[in-house]
Structure formats: structure tokens, C-alpha cells
Amino acid sequence: MQQYSPYPQYSQSLIRNKQGRRNMGSFFMSESLKQDIVHQKQLLYMTLDPNDPRIKNIPPMLNKYHSLYPLDQDGAKENQGKMFGYVTSVYKAICTQDGLPYAIRRIEGFRLSSEYALQAAESWRNLQHPNIVSLKEIFVSKEFGDNTLFFTYDYFPGSETIESKFLSQPNQTSFQPISESVLWSFITQLVSALKTIHSLGLVCRVIHPSKILLTGKNRIRLNGVGIFDVVNYDSPRNLAQFQHEDLLLLGRLILTLACRSAASITAQNLSNSIEYVSNTYSKDLYNLIVYLLTKPVINLPNIDEVVTMISGRLLQENNYLHTYTDDLETELGKEYENGRLFRLVTKLGFINERPLYDMDPRWSETGDRYLIKLFRDYIFHQVYDDGTPVLDFYHVVETLNKLDCGVDEKILLMSRDEQSLLVVSYKDLKKCIELAFSELVSQKSHLN
Ligand SMILES: Nc1ncnc2c1ncn2[C@@H]1O[C@H](COP(=O)(O)OP(=O)(O)OP(=O)(O)O)[C@@H](O)[C@H]1O
């Protein structure tokens, strides 16, 4: 059964521009998506330069991790300790067991009083949620000179905290409010994470701009989960009250983002900030903030009530996500075509020009394999009348697609000395290439 169309799906857009070149972009994923992925790949395995002065403070190995790379912004130390009551620092490091990068947070100066404290965070290790940075493990190590506690999380290359993205405005004149649709997207993601957390009988407590990572386009994840459970292990715990505090923190966060100012939630600014929201954003957003920040008279509000309040917005987010998935699938489709052609080119690479075949009569000018050689020239080595090389990707893609499908269409292959011509169909070429490749595979299995 023929699986593929002989023509790439993107051929419609391969119209030549004014310079006569075809639009190459349509072969590959969009430039912005590509840039994002390339940037993330570069960051994944970035290591410290041996001349970097920070290297002298970093051990070569920490537990089973190596190649530690500090992720904290330079000069960000003045606010340190505000979140967990301890100074923390974050490193990217590679795990020796699986070779993958992780983000490791060091809690400086914390002394673990009881092993039970570590178990308090155990539930977080089993929690997977698209808007929560997963906690992988907790360990104690002396590698930094003192006995400190470390939390290992999934690493998201190129991510940024909401605080640094939206709340550090060096230039007040460039102030731009965050659009309401983006705010609702953030709210629905956080509410979804909180719903899962509260349903498991856990408390989040890290709903703070410095602990929310922007890991993709409008994609946010709660970071640093589980740390409070260990660090405050000895403190008395009232679940309902703590869960309600999560909602208060959520209200404060939304207000902070809507005003794009960390000072918007101070006692003296609060009423002005809420007034600003009511003048700038919809009634729904205003109502939600007021609901979250108002001290309840009788019953504590809970996350289920918040989910009900924002249900209309959840549908919008759902629509947005489906549209985004469609876009990504289109991009994936292009790369699928490219992946298929890459496999074909690899096969051709394996069988062409093997020294082993130098003396093989089948690859000589009278042999049946000779046409594979000529076909390779037909795809890659054509020249214009003036001898300049033809570098037409479209020709390569179109030819390989026809070969992959084994269509009946015939082409004319010419020897390099231009003395002989061969007419052959893609179907025959495909058979010949498949045969040559399977012989190579069987030679390998004989040797094994
Ligand atoms: N899991 C992670 N993956 C990728 N980068 C991370 C991860 N966790 C933290 N980072 C990066 O490390 C840096 C420091 O994170 P951190 O949470 O310490 O923020 P902070 O603003 O320095 O907060 P604090 O004042 O509590 O130290 C941030 O730039 C953040 O983007």
C-alpha cells in the first residue's frame, strides 16, 4: 500500500520568489519555533568556562550529578531568603545515571532535624502536572563544604521567572499591561495546578512571582514545590487554612501581575491597585481578585469554587490549547516528511561509494548497480549550462519523494562523461536501492 503522496504536502507553497529561488522555509518548521528549540538545546548542556571565577565555589560532583552550572541571576542575592527563610541557589547539573540535565536547588544553612522531614515531601515526588515543575529527589550532601539540603527538579532550559519577566521594569516609560487573555491563561494554569495539589491533601505555598517559571509561550509552572514541607516540617499544620492561604497567594499574584508591580499588594496600595484593575480589566477578573483577597466571614473559600467561577475561561483556554496543538502538528508533519527523506538519504549514503564495491562489476559502468551512482548524481550533482552547481532543495525533495513511493515515472540518467544515457523508472531505482541496502544488512548480520 502506498503510504505517502509522491509530492511533499508543502509543495503548494514552493513558489519561486522574485530572485527565482524557492521559499525554503516551507520545508522546515517555523523559524521562531526552530529558534526556540535551538536555544533550548544550546542551554541544555552548557558548562562553566574553566576561567569563570564562579567555578572555584562549585564542586565537580554533587551526589550523582556533575557539570554544575549556576542558574541564579548575578546580583540577585539581595532578596535571597525571602521565600523559604533560607538563602537558596539553583544549579543545572547532569545526572550520571541517565545523562539528563536537572535543576538542583541548594538550601543553604538548613539543618535537617529528622529523616521524617524528607518523607513529608514524598507525595510531591509522585506528582506529575503540566503546570508544576516535578520534584525528583531530595538529598543531603557535604560537597559545598557544609551539610546542606538539595532538591532536584526537572530542568527547563531558557525558562524565566514571572518576576524577572514582568515585574522588573528598569524603564517605567516602557510599561505595558499584560493582556487580559494572557492573564486568564496564567490563572487557568495555576488553578488547574492548585486543584490537583489540594485534591491530594497538599498545600502549594510557592505561589509567588519568583517561583513561577515561564517555560514556553505563555506556559507557566509552579517551581520549588515540596521545599516548605521539609523546611517547615516541625510547624503546626492546619490543612484547610493553609489551602485557603494558597488562594490568598493566588489573589495577590494576579493583582501583582495585573498592576505589574510587586508593591501593588502592600496595605497602602491595595485599594488603588484594585481600582486600577476595575478600570483596566473585565468585571470577571476584578470579581475573582476581590473574591480571592476577601477574608471570609463564615466558610473558607476553596479551589472548587474558584474552578466554578472561571469555568468559561477554562473553555477558552481549552480552545487555545487545541489550536496550538493543531499548529504544532502541522510543524511536526513537515519534520515527519523530512525525517522520512533523511532515512532515505542515509540509506543512499550507506550504499554509495563504498570502497568495498570498487572492484565489484555490478557497480561498474556495465553493472546493474551503476544506475544508483548515476541517480545520486541526478539528485545532487547536476550543473547548469555554465557549469555552476544546481542547489535546488525542491528538486532533491521531489526526487526523493518519488523514489520513496516508487512511482512509475521515468527519468533520464546521464553518465559523467555524457557518453551514455539510461532511462529508468523510480520504481526500478527503488527496487535496486532496496536490494543493495538489504545485501549490506545481511553482510553485517553474517559478520555478527
Ligand atoms: N527547574 C528549573 N529549570 C530551569 N531554570 C530554573 C529552574 N528553577 C529555577 N530556574 C532558574 O534559576 C533562576 C533562579 O531561580 P529562583 O527560584 O532562585 O529565583 P529567584 O528569583 O532567584 O528567587 P529567590 O529569591 O527565592 O532565590 C531563575 O532564573 C530561574 O529561571
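**Sheets, ligand shell and helices in a predicted model**

Student: In which order do the strands of the open sheet of 3 strands come?

Tutor: The order is E7-E8-E9, and the pairing in this open sheet of 3 strands is antiparallel; please keep in mind throughout that we are looking at a predicted model.

Student: OK, and which strands stand at its edges?

Tutor: Strand E7 (160-161) and strand E9 (219-222) do, and because each has a single partner strand, one side of each is left without a neighbour in the sheet.

Student: How many bridges join E8 to E9?

Tutor: Strand E8, which covers residues 212-216, is joined to E9 by 4 bridges, the two running antiparallel, and within that pair Leu 214 stands opposite Ile 220 of E9.

Student: Switching to the ligand, how many residues surround it, and which are closest?

Tutor: The ligand is surrounded by 24 residues, of which the closest are Leu 71, Met 83, Val 90, Ala 103 and Ser 210. By class, that shell consists of 10 nonpolar, 8 polar and 6 charged residues.

Student: Now the helices: at what angle do H7 and H8 pack?

Tutor: Helix H7 (residues 239-259) and helix H8 (residues 270-280) pack at about 65 degrees, with their axes 10 Å apart, which means that H7 is roughly perpendicular to H8. The crossing in which H7 passes H8 is left-handed.

Student: What domains is the protein divided into, then?

Tutor: There is domain 1, spanning 43-309, and domain 2, spanning 333-447, and their centres, taken over C-alpha atoms, are separated by 55 Å.

Student: Last one: which residue takes a positive phi in the hairpin of E10 and E11?

Tutor: Glu 418 does, with phi near 60 degrees, in a hairpin that has 6 residues between its strands. The strands themselves, E10 (residues 410-414) and E11 (residues 421-425), pair in the antiparallel sense over 5 bridges, and Leu 413 has Leu 422 in E11 as its bridge partner.

Terms used:
Residues numbered from 1 in each chain as written. Predicted model: local features only at pLDDT ≥ 70, side-chain atom pairs only at ≥ 80, totals over all residues. Pairing = 2+ DSSP bridges. Near = placed C-beta within 6 Å. Nonpolar A, V, L, I, M, F, W, Y, C, P; charged D, E, K, R; others polar. Domains from an automatic or database assignment. Axes fitted to C-alpha atoms, helices over the stretch in contact; angles between N-to-C directions. Parallel < 35°, antiparallel > 145°, perpendicular 65-115°, else oblique. Left-handed = near helix turned anticlockwise from the far one by under 90°.
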